[in-house]
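Student: I have a structure open and I'd like to learn how to read it. Can you walk me through it?

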Amino acid sequence: MKKRVLLILFCFVLASTLLFAACNTKTEPTAAPVIEETKTVAEVPAAEKSADTSVATDKKSDVKVAMVLSGPINDDDWNSVGYNGLKKACEELGVEFAYSESVTDADAERVIRDYAARGYRLIFAHSFSFGEATLKVAKDFPETIFMAGTANELTENMGTYDNPDYQGAYLAGMLAAGISKTGTIGWVDGMASPNMLANLHAYQAGALEMNPEIKVLHTFIGSWYDPPKAKEAAIAQIEQGADVLSSQGVGVIDAAIEKKVWALGAMTDQNFMGPDVVLTSVMWDLYPCIKNVTQEVIDGTWKSGNRSYGIADGAVYFAEYHGLDSNIPADVLEKVNAKFDAIKTGEFEVPHDTSEVK
Amino acid sequence: MIGDLFSFLTSSIFEGFLTASMRLAIPIMLAAIGGIYNERAGISNIGMEGFMIVGSLTGFVVSYYSGSVWIGILAAIFLGILLGLIMGYFEITLKVNQVVFGISLNLFCVGLTSFLFRIIFGITSNSPRITPLPTIMIPILSKIPVIGPILFQQTALAYITYILVLITAIIMYRSAWGMNIIAAGENPEAAETMGVDVIRTRYYAIIISGVLCSIGGAFLSTASTGLFVQNMTAGRGYIALAILVIGRWDPFGVFIAALLFGAADALQLRTQLFNFDIPYQFLVMLPYILCMVVMIFFSKSSRAPAALGEPYDRGGKKSEI
């Protein structure tokens, strides 16, 4: 009797697993385990090799790049930006790359150390919370080059990169204030990390420049991934009169769809989440940074320091409007575009403020 | 004065707060109602979080491919039965430590659902979405001040939850089977002597628990939002355990306790907008602090089923594991 129950149970599990696997028609064969996934890209195509000088090609082949990420690479957010930049840059340069996603802060040092020990020459620690772990490993592997996202302390072989997407947030604030009819706009965020605070302050400053009377609401839900709660936070803001929301987490756009208000995406083009309500998204592209850093490591010219790739470098910009720009008053769009150019030429500097908010 | 109060109670901001309270409460309520069955029958279910996340994924994936949220919820129910059976096999038949098994199941389910989601949809920059269940306004009833927004401006799944609360109360207090469940959780030996099949009763209880937790999880991905992200239950299964204690293992108690928790959460999201001089972290903590404070006051009068967490052996031997 007992055995039969067990057998039936296993059949169920097996059947449901097969069922899930059977649904898997669109996936690439490379999609594999969750916690620590390593993907290796094939060597440079032969045609590309012959076009290059042989010396450079030889050098290229022995540099391997790794990235350690704090969340899933398909979050359409911070971690997608990291993965997409890594993939594009490394495929273009023809170097081998690997990554580990959803690495917790406690595991970061072990994972980074593992890559260093396996001979990866360049390692990106893609989280503001990985700085200390990277520092420890960097001391033990002086030949390896480390790049940690927004780290405070650097060494000779450990540099950092930040994401000046607050420049884009300033423009988003201008745009939001410009299209708001109620005079109230919102910002829904996960946690008050330094980068998020810089973004929020810039968003407020931009909004105030456009409309000195504007009211900017903000909420932190206390978690990066809790869509139902982010949606509720957004609904609360809409009830207080907000009619344009800056979405810094999954769920906000869903509220915008339900309550028919505008949303502004962040990090990647999030228009697909709400084609009628996501006006545009503040994009952050890590590709130029990763490409340049990798090239420097290949050439042996890399120097420690902070790499900041913002609007001027084409790394921060607005996603396309997907035909929704007809909803933006011409003078607003003009002002936003003028400000974009001013930031690009260095004429205007977006204030960088990471102080706590109430 | 009374006119002022009335206009406040019917203002859109206050009504918004009330509807949000129930929306935030429903998933926790469903899981906690499920918990009533298994805990009353003497089985602890620490694995509610895991049950919920499996329900979220199943509900979402099947809704996505079938095009119907209800088929998705049916699938979530099926998986809930399956998980209930698995948990029953380990906790009732094999008599493994219930806390250890529950926690390992939670960790396993978080990993499994993330993995399966990736297998099914791959790494795309366009994460899949479904249209969530719409809000249904019950005619006339939804217009009642305070009660209307809380109870009658919700999704269909919320209305089903109310019915489940009522059915649970009837089963627990008005049916012979409910008495069997309670007997199995208070004194299994005596129940067995009186002809109650304790093992079978406990199996049924844990399966019902699995189903309700799974629906609670599916609520998050098919009614609250129309999407799935890894670990999207975000600890709601654990909070359901606390709600169960605060609600004193009583369907109506659980209903009120979950609603209070939802209200505290809805309140803190709104308080943040007023820019009081309080760090947001404290406001985020509010519902959890409320839980703990309430537990301090209720700890004396709240009594867990006597045989909760104790494996039952037909021969009267106590298991060593």
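This is a predicted model: local features need pLDDT of at least 70, side-chain atom pairs count only at pLDDT 80 or more; totals for chains, interfaces and linings use all residues.

Student: What does the UniProt record list for chain A?

Tutor: UniProt positions are given here in the numbering used here, feature names are shortened, and annotations may be inferred rather than shown by experiment. An unreviewed entry lists residues 63–351 of chain A as "domain: ABC transporter substrate-binding protein PnrA-like". Over residues 63–351, chain A is 42% helix and 21% strand, with the end C-alpha atoms 38 Å apart.

Student: In what order do the strands of the parallel sheet run?

Tutor: Two strands pair if DSSP finds at least two bridges between them. This open sheet has six strands in the order β2-β1-β3-β4-β5-β11 of chain A, with parallel pairing. β2 (96–100) and β11 (306–308) of chain A are at the edges with a single partner strand each, so one side of each lacks a neighbour in the sheet. From one strand to the next, the twist averages 20 degrees. Zoom in on β1 (residues 64–69) of chain A: five bridges link β1(A) and β2(A) in the parallel sense, and Met67(A) sits opposite Tyr99(A) of β2(A).

Student: Which strands does helix α6 of chain A touch?

Tutor: For angles, axes are lines fitted to C-alpha atoms, for helices over the stretch in contact, and values run from 0 to 180 degrees between N-to-C directions. Helix α6 (residues 131–140) of chain A packs on the sheet against β3 (122–126), β4 (145–149) and β5 (158–162) of chain A, at about 170 degrees to β4(A). Helix α11 (residues 287–299) of chain A lies across β1, β3, β4, β5 and β11 of chain A, at about 155 degrees to β3(A).

Student: And what about the mixed sheet: which strands stand at its edges?

Tutor: That open sheet also has six strands, ordered β7-β6-β8-β9-β10-β12 in chain A, with mixed pairing. β7 (215–220) and β12 (316–318) of chain A each have a single partner strand, so one side of each is left without a neighbour in the sheet. Neighbouring strands are turned by 15 degrees on average, direction ignored. Within this sheet, β8 (residues 244–247) and β9 (residues 262–267) of chain A pair in the parallel sense over three bridges, with Ser246(A) opposite Leu264(A).

Student: Last one: how many residues of chain B are in contact with chain A?

Tutor: 47 residues of chain B contact 45 residues of chain A. The largest share of chain B's side, seven residues, comes from α5(B).

Definitions and conventions. Residues are numbered from 1 along each chain as its sequence is written. Chains are lettered from A and ligands numbered from 1 in the order in which they are written. Helices (H or I, at least four residues) and strands (E, at least two) are DSSP runs, numbered from the N terminus. Two residues are in contact if their C-beta atoms, placed from the backbone, lie within 7 Å.
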